[in-house]
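Colleague: I'm new to this one. Can you walk me through a few contacts?

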Amino acid sequence: MALSIENLSVRLPRHADREYAVRDLSLDVGDNEIVCVVGESGSGKSIMASSILRLLPEGVTPEAGRILFEGENLFGLPLDAMRGIRGARIGMIFQDPMTALNPLHRVGDQIAETFRLHTSLPPAEVRARVIDLLGQMHLPDPARAARAYPHELSGGQRQRAMIAMALALEPKLLIADEPTTALDVTTQAQILSLIRELQQRNRMGVLFITHDFGVVAEIATRIAVMRHGVLVEEGSAAKVLEAPEHPYTRELIAAVPSLKPPSKEPLQPLGQSVLSIVNVSKTYRQKGRDVAALKNVTLALRRGSTLGIVGESGSGKSTLARCIVRLLTTDSGAIEVDGANITAMTRVEWRKNVRRVQMVFQDPYASLNPRRKVGDLVAQGPLIHGAKAADVYPRVRDLFALVGLDPAAVDRYPHEFSGGQRQRIGLARALAMEPDILVADEPVSALDVSVQAQVLTLIADIQRKLGLSVVFITHDLRVAAQICDRVAIMQGGQVVEEGMAADVLVAPKHPYSQALVAAVPGRKWHAATDV
Amino acid sequence: MAVLKSLARSPSAIIGAALLLLILAMAASAGWLFPNDPLSLAGRPLQAPFANPRFPLGTDSVGRNVAAQLFYGARTSLLIGLISTIVAIVIGIVVGALAGFYGRWIDTALMRVTEAFQTVPSFILLLLLVVIFGSHIGTLALTIGVVSWTAPARLTRAEFLTLRNREFVQACRGLGMPNWRIIFFEILPNALPPVIVYASVVMAFSILLESALAFLGLSDPNVASWGNLIADGRRVLRTAAYVATLPGLVILITVLSISLIGQGLNDAMNPRLRRKD
Amino acid sequence: MRILRLALYRLAVSLPCMLIILLGLFLLLQLAPGDAVDALMGQMGSSDTALAETLRQQYGLGGGVATRLAVYLLNVLRLDLGFSVAYNQPVLTVILQRLPVTLLLMISALSFAFAAGMVVGLLAARRVNRWPDTLISMLALIFYATPSFWIGLMGILVFAVKLNWLPSGGINDLSADYSGVRLVLDTAVHLILPTMTLALIYFAIYVRITRASMLEVMTLDFIRTARAKGLKEGAVLVRHALRNALLPMVTILGLQAGGMLGGAVVVESVFTLPGLGRLAHEAVIQRDLNMLLGIVFMSSLLVIAINFIVDLVYARIDPRIEANG
């Protein structure tokens, strides 16, 4: 037994939105297994992880319980003894490697610090060990990585460096707090396999915090599910994934979108193209270099259907989305909406046509002006274009009902709504303009998985009811599978594959698409459970 | 508003407000307590405070009522502080908003001008402007504002640069909203809070600038001013230190009160705890 | 390397800045009532307009605006800042005579303010919201609100008049004839009060900025990583937090240079130091526009030079800074 948490309760400071972050939690981590703790935001999983090493923020205090490690209660230890354990017997890695590493120190120095703190090895030996460690993390040029500063490495490389730092002294327990959430899907797959490999080689216990059941299916030996600070279910991976008992667990698992597209009525074969993107290119100047964000992109969207554009960061999908709504200008190529070339229009002409293509944004907290009532935000568009208030506001209330919100809520401010509700408001705002085309830029990426499913269903419903054509941008293939008729995969500014969702996602042809599909966490589990 | 409520709970804001109220009371009651011209010769020079009931704080080296000058001086300082701050903030907001919103060459051009103003030390530029435009009290209020606009401009520009790329602004552009509406009704209300807080710093500094000018003998000699009093007190420092000490204390209290209010505003508007679940 | 490229970039960028300043100064010159020739005529006690015209042609003050601008810029490039009617010497000569004292004052004040401010600010951040922090923050605020000329006078009152520990003004004891080490010591003693006076406001500013910066940095993620490695709090503070917290401090250093030059005007006047600041004061009183313009020009050069050094130091500390095209 590597770690034993007994009846842990952690209190939050007075003005927090709930009293306890963690309530009466008991969990064991064996010394040769990976325990995944799953939960949505507010579940208390991160605070639980931070309390083990006593790294809680100001005002957050453990109120009751013990944490037993190597026979001792960590809560009873003096701070000096605790520091001896940190980094040496228990290692911890965090979510965002960019901010978790000191930007002013070289990566090698930060890893070497662990050695300097806990051992008395000579500097030359430490340097050699650091380079060796980075090599074990499969970094291509360990010596160069050691000399580099964090901002000179990629996200995946930084996370490998973090893992090297945590495992330098071969601790008995590794605590990983959402280590892959900030990474691209393909990078995530690599890091997950690295963690699995290291766990098996070092025979250590791993406590892995995540919100993604797909990730859990990929690496867990045992699973613990948390909700509102309480442990609701716990068991072996096979059992929890196949036969979950608690209704919340079942709800969470059901909400995870599967890679297999749901069976739908076949697409109208004669659907005309309502949106044509022809040979569009765009280049940015960044730090003195030219970055090609879009290279000769050609795509078409048929009326009444949903086109998914899938890619990782840097693929150009967001740039393309903004070009379609003319928030960015293209350098060359044409974008046609219903035959009209919108890239060639003047500002005046575009203002008349702006209602045709509307956008739903990614960040529910940044996409609504905090100083405006939500009803006013939805009414803004039509009002600017000359509609009378008396006509617009009743429509706003109808729209609220359409997106599943209480029409009486039009007088409230954005901060009074949850993330999922704000996305519904964003949707209502776009629909208020009666667009032909809706461009949804990662509309569910910032939402909890259970809320995600609701919003996706809503978008699909509205599309059917209003006959909308939708361009759906996402980095998550599973989400694309649920809602898109056709899927286009982008990499480095180019479209590498495009076709019917069922074809592309189940039998991809391009090597990058294949890598992307293979990297989806928990794919085999989904495939097994999908009937 | 929520801001006013948290302001009422901040100890620094309360103390600051109390002190400022005191100074405002001084300025308001000056005409009533001291009906004669404060710069008129009232009695024997260099009488100590509390010696003569007619001159509670004594007289200066020429024989003018120190207390009267202190009370009327409050009007001068507060007025100059207010007007110059308004001038500086308005210029700063206009420059900063245009530079931050439109970017590219407008931004570069405006930033070069801002840098030029920032490179010349404000006080020395002020001296130059005093030589050219004179030191009448109204002119001073404007010129002090003119040397103080660069920091608000930078602040506004930074806010506009951030907010311009926020998704709610992009959403407005997507709706087809014209630029001027976006600047005034969407971005500006969100950009103002830190600039308003900074206004307290500008005001405090303006008062210090004016009193420094007065001390050097370069302010308006026809107006009762704290700095003028200190200049006078310098000559008699060894024998009648009170003439220089008292106005300095009053300046300190005024600037302190404004800074405290600014600090309270700052604390009230910034989020505190950042938690992670 | 990176720092060299950055240095060249910063130099290139400061040229348009200087040009704008010169243009602005020229503009102000046009707005000034009367010009150098008027001043000269005033001195000579003559009102002969023909003579005035001839003199104007001679000094390049005749002709249209464009000609005068060209002449003005050319002169500046040749470092000819004009002639001071009051001192009867070229402006540049007088300025260079007075420059060393001001530089000495500024460097002492800045060093003290920065070092002491950093230490005290650190102390306040370590004991945040407890009584040392509250006391320090309160004192910092009071120092910040105090007018420097008043503090200077109070300093003279207490230390020179009442206690007679320190001299009340001047840069050296003119009666004694010191040289070598004794001269240095005498200068140092004369500079104590002025340095403290000038440094006080900036000390307060640095205390507050260090404190705020440290508190901000301590909430960042990499501090948690450092603690997770088992570092002691002191090491976390010094090895990880401090260097990152220094960044905004160094930025401020450059911005304060201009303010300090302005403050030097007042401090040098209070303590009758023969520096650039007091020269500016005298120039205003004597309406010596040429001198004042020359001082403005020189101060701008100084500020640009200081900012240049500060930028290089910043780039040395922060490896993320690149020269942007």
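Modeller: A term to start with: two strands pair if DSSP finds at least two bridges between them. Also, this is a predicted model.

Colleague: How many bridges join β9 to β10 in chain A?

Modeller: Strand β9 (residues 222-227) and strand β10 (residues 230-236) of chain A are joined by 6 bridges, and they run antiparallel. Within that pairing, A:M226 has A:L231 in β10(A) as its bridge partner.

Colleague: And what do β9(A) and β10(A) form?

Modeller: A hairpin, with 2 residues between the strands. In the turn, A:H228 has a positive phi of about 50°.

Colleague: Switching topic. How many residues of chain B are in contact with chain C?

Modeller: 37 residues of chain B, against 40 residues of chain C.

Colleague: Which element of chain B gives the most to that side?

Modeller: α5(B), with 9 residues. Other elements giving two or more residues include α4, α9 (179-215) and α11 (242-269) of chain B. By type, the side of chain B that touches chain C has 26 nonpolar, 6 polar and 5 charged residues.

Colleague: At what angle do α4 of chain B and α1 of chain C pack?

Modeller: About 70°, with the axes of α4(B) (residues 104-119) and α1(C) (residues 2-31) 9 Å apart. Angles of 65 to 115 degrees count as roughly perpendicular, so α4(B) and α1(C) are roughly perpendicular to each other.

Colleague: Which residues meet there?

Modeller: On the α4(B) side, B:R112, B:V113, B:E115, B:A116 and B:T119; on the α1(C) side, C:P16, C:C17, C:I20, C:I21 and C:G24. The residues of this contact divide into 6 nonpolar, 2 polar and 2 charged.

Technical notes: Residues are numbered from 1 along each chain as its sequence is written. Chains are lettered from A and ligands numbered from 1 in the order in which they are written. This is a predicted model: local features need pLDDT of at least 70, side-chain atom pairs count only at pLDDT 80 or more; totals for chains, interfaces and linings use all residues. Axes are lines fitted to C-alpha atoms, for helices over the stretch in contact, and angles run from 0 to 180 degrees between N-to-C directions. Helices (H or I, at least four residues) and strands (E, at least two) are DSSP runs, numbered from the N terminus. Angles under 35 degrees count as roughly parallel, over 145 as roughly antiparallel, 65 to 115 as roughly perpendicular and the rest as oblique. Two residues are in contact if their C-beta atoms, placed from the backbone, lie within 7 Å. Ala, Val, Leu, Ile, Met, Phe, Trp, Tyr, Cys and Pro count as nonpolar, Asp, Glu, Lys and Arg as charged, and the others, Gly among them, as polar.
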